[in-house]
Amino acid sequence: RQEAAEYYRGHGVPQRMEEALNALFPLRPADLYGELANYFSEFSKAPVICKLVGRKVLDGVGQPTLEVEIYCTVKNYEKRICSSVMSSHSQIPENALPETTEAAEKERNDSVNTAVEWVNETLNSMLRDLKPTDQCEVDKMLGEYFTKKAEENKEIQKQEEEGAETTLALTSSTPSATSLPGKKKKAEKTGKKVAVATRTIPPAEPVESVLCGSLAIGGTSLAIAKAGATISCIPLYLHIALLKHNQGSPKEITLPLPMVTLLNCEKISPAKLKLVKEVMLVPPVQLSLKQGMERVLDIQKEMMKLLEPPAKASQQPSPQLEGSKKGKAHNKGKKGPARALKRISHLGCLITGCDHLEQPLLLMQTACNNIGLELGTDMYLALNCAAHELMDYVKAKYEILTGTFKSPEEMVDMYVELINKFPFIIALIDPLRKEDRQQWNNICYALGSKCYLIAEDAATYISKLKIDQNINIPTCSGVVLKYINQTKVSDLIELTGLLDGQRHITILGSPDGESSDDSLVDLAVGLGARFIKLGGLSRGERVTKYNRLLAIEEELAKNRTLREANLEFIAFAEESQPEKHPSDVLPPPKQDLMSPQLSQPALQVPSLPAQLPETSTLT
């Protein structure tokens with residue numbers, strides 16, 4: 001008894017018990033013991049990580065990915081706090097060969113298996129007893145572990161290459177290997193021919209290899225961030241904002257504007273257009289997010305009517321068939337191929353095929369006009385060009401349409417003509433390859449004050465972006481960042497801080513293989529991203545993120561901490577560097593440019609009929 005008394009006195013239990021009873025008596029709470037538990041919980045030890053669990057799960061497109069669960073010791077008991085699921089990202093183009101796709105799937109599966117092993121073994125023991133609120137310390141340890149694994153992998157590859165060279169040297173000394181001089185000369189000629197053809201454009205940068213198991217780093221870092229927010233009893237977006245601003249709570253938070261994908265343009269026959277991958281809707285800033293999403297849904301419903309297959313549509317021809325040879329055949333009663341079908345892509349949007357660049361834009365105009373909306377006032381467009389997928393390195397040109405090629409210089413002229421004709425386009429994503437840096441300079445100088453020129457492919461691997469406090473990207477308005485592979489939360493915080501300082505805009509983008517984890521939305525809000533690119537308003541794994549964005553808007557409005565978004569374009573100086581922009585103020589409206597609030601006068605076009613006429617091709 002004496003020992004027990006000393007133990008309790010040593011921990012100040014009698015004193016705190018008396019304080020608790022005195023504090024609670026005037027309140028007379030209905031749940032006395034619950035209130036006592038709340039009172040004493042303030043004196044309990046901070047939760048620490050006790051276990052990490054990694055498991056293999058499936059993402060929204062059926063690809064294997066990683067889930068990381070965090071368990072903490074809370075008041076002497078092990079408790080599951082949260083989990084995170086990583087989204088899969090593939091660099092395989094849509095028209096890749098089956099062998100290439102199969103090899104990528106096998107590599108992905110191996111990487112997930114290795115990541116599960118890392119989490120359940122090394123990372124589980126390495127992070128034990130750390131506080132989940134100490135994000136910087138955890139990310140530092142994760143970074144050091146990844147660096148160690150990367151060095152080990154390089155050493156293994158080096159030994160394999162040395163072994164291969166030794167084998168090749170032994171093989172080349174045999175007569176059979178030297179008895180084919182004709183073939184050798186032919187190969188050399190071919191090599192010279194290719195070199196001549198490609199020397200007019202910068203060669204493609206080699207694709208950065210992804211370390212097998214790297215998902216474990218990103219998955220664990222994100223899970224720790226979610227655990228830290230849960231332990232601190234605050235939303236994840238606020239936890240991220242506090243980390244970014246060194247625990248200084250922001251007075252107001254601006255929601256990122258959604259870029260909602262409405263059309264996914266096919267690049268396969270019979271469609272001819274290859275340039276545009278996604279056509280996205282951007283609601284005006286004057287609307288609340290809820291109002292903007294409702295407007296997007298109205299446009300989507302009208303678009304589905306316009307894309308009704310000919311067999312089910314009314315007697316009027318489809319807007320994409322009218323005026324074409326196939327449309328005439330359809331009108332005569334002959335069975336023609338359905339050029340536009342109500343199919344949903346993995347991006348959660350409608351799939352269609354087009355024959356020229358203006359076609360999807362005019363289709364969007366028609367859908368908006370049919371419901372009384374006007375592009376340029378009631379809604380804006382953004383285009384994901386994905387030009388890096390279109391380069392023909394033999395011709396040194398982009399294949400924008402089947403059989404139609406343009407040089408990088410011609411691409412710039414084409415975009416200038418496009419934006420002048422359709423000024424309601426406020427963003428172009430990947431209009432050029434990242435290697436065509438001179439053309440990026442030219443297009444930013446020509447169009448930077450009229451729309452955003454966004455780099456996505458150049459920002460795929462965050463580890464290559466940051467070089468000595470500079471951003472290693474072409475001249476552009478901003479970048480699309482994706483949370484994939486070994487990306488850590490601290491990396492995003494540091495990088496977005498640099499981008500803010502250099503007056504680039506940040507867009508948080510959703511990878512191709514999305515999961516049901518909605519943490520990306522909280523990351524975008526907490527990091528202060530200007531836009532968020534989540535895909536379309538179909539497929540559960542994508543819609544759940546839009547629902548999360550709506551919930552955050554409601555919460556911020558209730559707390560009176562919601563700040564209205566404010567968009568402004570940047571006028572680039574000729575030959576400017578990405579970190580040197582002379583002005584971020586738009587020219588006066590009389591120059592037919594958008595105001596910072598996107599209150600540009602409506603595009604003056606005649607009223608369009610419910611079905612589109614055939615239009616000339618923009619070349």
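Ring pairs link Tyr 39, Phe 40 and Phe 43 into a cluster. Rings of Phe, Tyr and Trp (its six-membered ring) pair if their centres lie within 6.5 Å; planes under 30 degrees apart count as stacked, over 60 as edge-to-face and the rest as tilted. This is a predicted model: local features need pLDDT of at least 70, side-chain atom pairs need 80 or more, and totals for chains, interfaces and linings use all residues. Numbering starts from 1 along each chain as its sequence is written, and side-chain values use heavy atoms, without hydrogens and water.

The whole structure holds seven aromatic pairs. Two of them are edge-to-face:

| Pair | Centre to centre | Angle between planes |
|---|---|---|
| Tyr 7 and Tyr 8 | 5.4 Å | 70° |
| Tyr 39 and Phe 40 | 5.5 Å | 85° |

Tyr 39 is buried (under 20% relative accessible area; exposed is over 50%, partly exposed in between; 1.4 Å probe, protein chains only), at 18%. Phe 40 is partly exposed, at 27%. Tyr 8 is also partly exposed, at 43%.

The count of disulfides (cysteine sulfur atoms within 2.5 Å) is zero. The sulfur of Cys 265 lies 4.5 Å from its closest cysteine sulfur, in Cys 354, too far for a bond. Cys 265 is buried, at 1%. Cys 233 is exposed, at 71%.

Charges also sit over rings (NZ of Lys or CZ of Arg within 6 Å of the ring centre and within 35 degrees of the ring normal). Arg 28 places its charged end over Phe 25, 4.2 Å from the ring centre. For Lys 395 over Phe 405, the distance is 4.7 Å.
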